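Reader: I have a new model open and want to learn how to read it. Where do we begin?

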Amino acid sequence: MMITRILGDGQYEIDEKHLDRLNKLDSALQSAARADDAAAFTAALSALVGAVRTLGTRLPDEMITVSDLVLPDEDTSLSQVRDLLTDEGLIPG
């Protein structure tokens with residue numbers, strides 16, 4: 001299990017079997033950011049955050065634990081996320 005925080009939303013526990021799917025969505029986000037394609041970026045970020053919400057189990061707000069991954073919320077701009085991206089995207093691996 002891994003813990004993913006969506007900024008402004010909370011933490012989700014996700015089974016690591018979903019990591020490949022999340023990495024594919026992260027790759028799409030990274031490609032859109034590199035291409036400076038704001039529309040594709042917004043769609044990719046929404047898909048990635050949506051997958052975390054769908055595949056994960058939201059942890060209670062009073063339960064605070066170290067997050068393995070931290071994702072911005074859907075309202076984060078391309079320029080803000082570009083500062084967060086590494087060569088591996090938002091999700092290492």
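**Reading the fold**

Author: Begin with the elements. The protein has 3 helices and 4 strands. This is a predicted model. Along the sequence the pattern runs β-β-α-α-β-β-α.

Reader: What is the average pLDDT of the protein, and where is confidence lowest?

Author: First, the general idea. Where pLDDT is low, the predicted coordinates should not be read in detail. Here the average is 86, and 87% of the residues score at least 70. Confidence is lowest in α3, with a mean of 71. Confidence is highest in strand β3, residues 57-58, at 96.

Reader: How do I read the inside?

Author: In soluble globular proteins, nonpolar side chains tend to be buried together. In this protein, buried residues make up 39% of the 93 residues. The largest nonpolar core holds 20 residues. I14, L22, L29, F41 and V52 have the most contacts inside this core. Elements giving two or more residues to the core include β1, β2, α1 and α2. α2 gives the most, with 7 residues.

Reader: Which residues does F41 contact, leaving aside its neighbours within four places in sequence?

Author: F41 is in contact with L29, A32, T76, S77, L78 and V81.

Reader: Now a helix. Which residues of α1 are buried?

Author: An α-helix has 3.6 residues a turn, so residues three or four places apart point the same way. In α1, the buried residues are L22, N23, L25, D26, L29, Q30, A32 and A33.

Reader: What span should the 16 residues of α1 have?

Author: At 1.5 Å a residue, they should span 22 Å. The end C-alpha atoms of α1 are 22 Å apart, so the two values agree. Just after α1, D36 takes a positive phi of about 60°.

Reader: And charged side chains. How many salt bridges does the structure hold?

Author: There are 4. Take the one between the side chains of D9 and R53, at 2.9 Å from N to O. D9 lies in the loop between β1 and β2, and R53 lies in helix α2, 44 residues apart. R53 also forms a salt bridge with E74, the closest N and O atoms being 2.4 Å apart. E74 sits in the loop between β4 and α3, 21 residues from R53.

Reader: Are R53 and E74 buried or partly exposed?

Author: R53 has a relative accessible area of 30%, so R53 is partly exposed. E74 counts as partly exposed too, at 29%.

How values were computed: Residues are numbered from 1 along each chain as its sequence is written. This is a predicted model: local features need pLDDT of at least 70, side-chain atom pairs count only at pLDDT 80 or more; totals for chains, interfaces and linings use all residues. Side-chain values use heavy atoms; hydrogens and water are left out. A nonpolar core is a set of buried Ala, Val, Leu, Ile, Met, Phe, Trp, Tyr and Cys residues joined through side-chain atoms within 4.5 Å. Buried means under 20% relative accessible area, exposed over 50%, partly exposed in between (1.4 Å probe, protein chains only). Contact means heavy atoms within 4.5 Å. The expected span of a helix is 1.5 Å times one less than its number of residues. pLDDT is the predictor's confidence in each residue, from 0 to 100.
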